[in-house]
Amino acid sequence: MKVFKNFKDYSSQKPLALSLGMFDGVHLGHKCIIDELKKVGAENHLETAILTFWPHPRFVFNPNEDLKLLNTVEEKTLLMEKYGINNLFLKEFDEEFRNLTGEEFVRQILIDKLNVKYLIIGYDHSFGKNKSGNFELLQKLSKELDFEVEQMEAINLHEYNVSSTKVRNALLAGNIKEANEILGYPYAVSGKVIHGKKIGRTIGYPTANINTESIKLLPKKGAYIVEVEVKGQQYKGMLSVGTNPTVGGKALTVEVYILDFNEDIYDQNITVKFRDFLHEEIKFEGLEKLIERLDEDKRLTEAFDF
């Protein structure tokens, strides 16, 4: 897969089958669009492409909004490559770009610069200044500019539309299985292992503190069963998102106890994949009660069918 951060870096004149949007989470709805792109590309001898934006437009329009994302740029890129996209455009959502009308965007970017011959958009997608671009505009321009356009229907799961918002809400409620079902893969968080207070090692549960990216959405505070990837190897783990109230903690931390593991991994990047929710964050009366709960969490994690 080729990745472009600027349209001027793209010089190929091969016609494209393209879809555009944030694709945050690259969930089952997005996967349907990607599958349709690949099908159309194969039938019409077109390369596939996704045009997405960085930063998220909501960061530009509402700079004070505390928006958290399901994917980092790196995660989104890896998912697009895994799903077989040929070209990924990571366009900066700058002042010039945000002021393009829907029609200007189609003419100047999609047709003149990218040679799009087949465009697929989601069921609720709009684009361009003041959301002036929509399916009706695309249908009108497609005849003049010689491209085909298709609007995908919403994907339903358990009688609701699949969306990035649904994934966020599920994670914030601790509904890990629901979030993973909508995504089509286990929700994951990655980061470098940093030094913590090292209290866990004094009670038989040494944890790795993960320094996560600030824009990455973390599930609600509590304890989770996770799968931990370290140096290409997979381990079972029990993870805490919270402030460690039992020992007077204040800052939010992400800490994982890796089962059957005893290596120094400070400054190394690890990935945790959320598999199930254990319980809410608890302030225990003392370390003895905390250890009792950790023992039970460990038993449940060991018994969990990965």
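This is a predicted model: local features need pLDDT of at least 70, side-chain atom pairs count only at pLDDT 80 or more; totals for chains, interfaces and linings use all residues.

Visitor: Good to know. How many salt bridges does a search of the whole structure find?

Guide: The search finds 16 salt bridges. Side chains of opposite charge can pair when their charged atoms come close.

Visitor: What does Lys216 form a salt bridge with?

Guide: Its partner is Glu75, and the closest N and O atoms are 2.7 Å apart.

Visitor: Is Lys216 buried or exposed? And what about Glu75, buried or exposed?

Guide: Lys216 is buried, at 6% relative accessible area. Glu75 is buried too, at 17%; the cut-off for buried is under 20%.

Visitor: OK, and which residue does Glu144 pair with?

Guide: Glu144 forms a salt bridge with Arg107, the closest N and O atoms being 2.9 Å apart. Glu144 sits in helix α6 (residues 135-145) and Arg107 in helix α5 (residues 102-111), so the pair ties together parts 37 residues apart in sequence. Glu144 is exposed, with a relative accessible area of 52%, whereas Arg107 is partly exposed at 26%.

Visitor: Which residues are linked with Arg107 in a network of salt bridges?

Guide: Glu103 and Glu144 are linked with Arg107 in that network.

Visitor: Let's switch to helices. What span should α1 have, and what is the distance between its end C-alpha atoms?

Guide: Helix α1 (residues 28-44) has 17 residues, and at 1.5 Å a residue it should span 24 Å. Its end C-alpha atoms are 24 Å apart, which agrees.

Visitor: Which residues of α1 are buried?

Guide: Gly29, His30, Ile33, Ile34, Glu36, Leu37, Val40 and Gly41 are buried in α1. They cover an arc of only 160° around the axis, so they lie on the same side of α1. Facing away from that buried side are the exposed residues Ala42 and Glu43.

Visitor: What covers the buried residues of α1?

Guide: The cover includes strands β2 (16-20), β3 (47-54), β5 (116-121) and β6 (148-151), along with helices α3 and α7 (164-172).

Visitor: Last one: what does UniProt annotate for residues 182-305?

Guide: The unreviewed UniProt entry gives "domain: Riboflavin kinase" for residues 182-305. That span is 15% helix and 39% strand, and its end C-alpha atoms lie 20 Å apart.

Key. Residues are numbered from 1 along each chain as its sequence is written. Side-chain values use heavy atoms; hydrogens and water are left out. UniProt positions are given in the numbering used here, feature names are shortened, and annotations may be inferred rather than shown by experiment. Helices (H or I, at least four residues) and strands (E, at least two) are DSSP runs, numbered from the N terminus. A salt bridge is a side-chain nitrogen of Lys or Arg within 4 Å of a carboxyl oxygen of Asp or Glu. Buried means under 20% relative accessible area, exposed over 50%, partly exposed in between (1.4 Å probe, protein chains only). The expected span of a helix is 1.5 Å times one less than its number of residues. The arc is that of the directions from the helix axis to the C-beta atoms. Contact means heavy atoms within 4.5 Å.
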